[in-house]
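Student: I'm new to this one. Could you show it to me and let me ask how we know what we say about it?

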Amino acid sequence: MHDFAWSFIGGILLGISVVGYLYTNGRIAGISGLVSQVLNLKGIINTPALWFLLGLFIVPFIYAAFVQPEIYIEATPFMLIIAGVLVGFGTRLGSGCTSGHGICGISRLSKRSIIATISFIFAGFITVYVVRHMLGAI
């Protein structure tokens, strides 16, 4: 199967899971919000967020068992750590992550989420341009 087909199927499954989570639990399936629910140790077992996140973690291994994807990470471990810290900072600054705003917020026609997603994408364009063209990194 072509990469586009797998991406399309993954997008459909993600959309179904996000809508299902919203309707069954009354909460948006933004990853930063789900992680904060799981980190609240009082209700860690009672929250469906744990099962949703476990599914997000386990499914790529199931996919890899059947499809053997070719994945290459060219960044150094230090750059991956810096990227993770910046994503965490941006998540706090933007009051949510790209999954919360981009998938859940836009589908609900939230103006705040539309503006946040446009800002995320614009910041990504600028970052790629600076890193690849101005700093000379690959």
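This is a predicted model: local features need pLDDT of at least 70, side-chain atom pairs count only at pLDDT 80 or more; totals for chains, interfaces and linings use all residues.

Student: What makes up the largest nonpolar core?

Tutor: Ala 29 again, along with Val 18, Tyr 21, Leu 34, Val 38, Ala 49, Leu 50, Phe 52, Leu 53 and Cys 104, for 10 residues in all. Helix 1, helix 2 (31-39) and helix 3 each give two or more residues to this core, and helix 3 gives the most, with 4.

Student: Let me zoom out. How many helices and strands does the chain have?

Tutor: There are 6 helices and 0 strands, so a read along the sequence gives α-α-α-α-α-α. The C-alpha atoms fill a box of roughly 50 × 40 × 30 Å along the principal axes.

Student: How much of the chain is buried?

Tutor: Of the 138 residues, 17% are buried. As for contacts with a separation of 6 or more, 38% of them are between residues 24 or more positions apart.

Student: Is Gln 37 buried or exposed, and how do you know?

Tutor: Gln 37 has 15% relative accessibility. Buried means under 20%, so Gln 37 counts as buried. Gln 37 is found in helix 2, and, not counting residues up to four places away in sequence, Gln 37 touches Tyr 21, Arg 27, Thr 47 and Ala 49.

Student: Thr 47 is on that list. Where does Thr 47 lie?

Tutor: In the loop between helix 2 and helix 3.

Student: Why is Thr 47 called buried?

Tutor: Its relative accessible area is 9%. The cut-off is under 20%, so Thr 47 is buried. The C-alpha atoms of Thr 47 and Asn 25 are separated by 9.5 Å, and the two are 22 residues apart along the chain.

Student: And what makes Thr 117 buried?

Tutor: Thr 117 comes in at 13% relative accessibility, and the limit is under 20%, so Thr 117 counts as buried. This residue is found in helix 6. Thr 117 touches His 101, Gly 102 and Ile 106, not counting residues up to four places away in sequence.

Student: How far is Thr 117 from Ala 5, C-alpha to C-alpha?

Tutor: They are 25 Å apart in space and 112 residues apart in sequence.

Student: On to the pockets. What lines the largest pocket?

Tutor: Its lining has 26 residues, and Met 79, Ala 83, Leu 86, Val 87 and Thr 127 lie nearest its centre. About 890 Å³ of space lies in this largest pocket. Helix 4 (77-93), helix 5 (98-107) and helix 6 (111-134) each supply at least two lining residues, with helix 4 giving the most, 9 residues.

Student: How do the residues of that lining divide?

Tutor: Into 16 nonpolar, 8 polar and 2 charged.

Student: Which helices supply the second largest pocket with at least two lining residues each?

Tutor: Helix 1 (3-25) and helix 3 (48-67), and helix 1 gives the most, with 8 residues. About 620 Å³ of space lies in this pocket. Its lining has 14 residues, with Gly 10, Leu 13, Leu 56, Val 59 and Pro 60 nearest the centre, and divides into 9 nonpolar, 4 polar and 1 charged.

Student: Last one: where does the "transmembrane region" annotation fall?

Tutor: In the unreviewed UniProt entry, that annotation covers residues 6-23, 44-65, 71-93 and 114-135. In the model, residues 6-23 are 100% helix, with end C-alpha atoms 26 Å apart, and residues 114-135 are 95% helix, with end C-alpha atoms 30 Å apart.

Technical notes. Residues are numbered from 1 along each chain as its sequence is written. Side-chain values use heavy atoms; hydrogens and water are left out. UniProt positions are given in the numbering used here, feature names are shortened, and annotations may be inferred rather than shown by experiment. On a 1 Å grid over the protein atoms alone, a cavity is a set of points where a 1.4 Å probe fits but cannot get out, and a pocket is an open set with protein on both sides within 12 Å along at least five of seven lines; lining residues have an atom within 4 Å of a point. Grid points are joined across faces, edges and corners, and a volume is the space filled by probe spheres set on the points. Ala, Val, Leu, Ile, Met, Phe, Trp, Tyr, Cys and Pro count as nonpolar, Asp, Glu, Lys and Arg as charged, and the others, Gly among them, as polar. A nonpolar core is a set of buried Ala, Val, Leu, Ile, Met, Phe, Trp, Tyr and Cys residues joined through side-chain atoms within 4.5 Å. Buried means under 20% relative accessible area, exposed over 50%, partly exposed in between (1.4 Å probe, protein chains only). Contact means heavy atoms within 4.5 Å.
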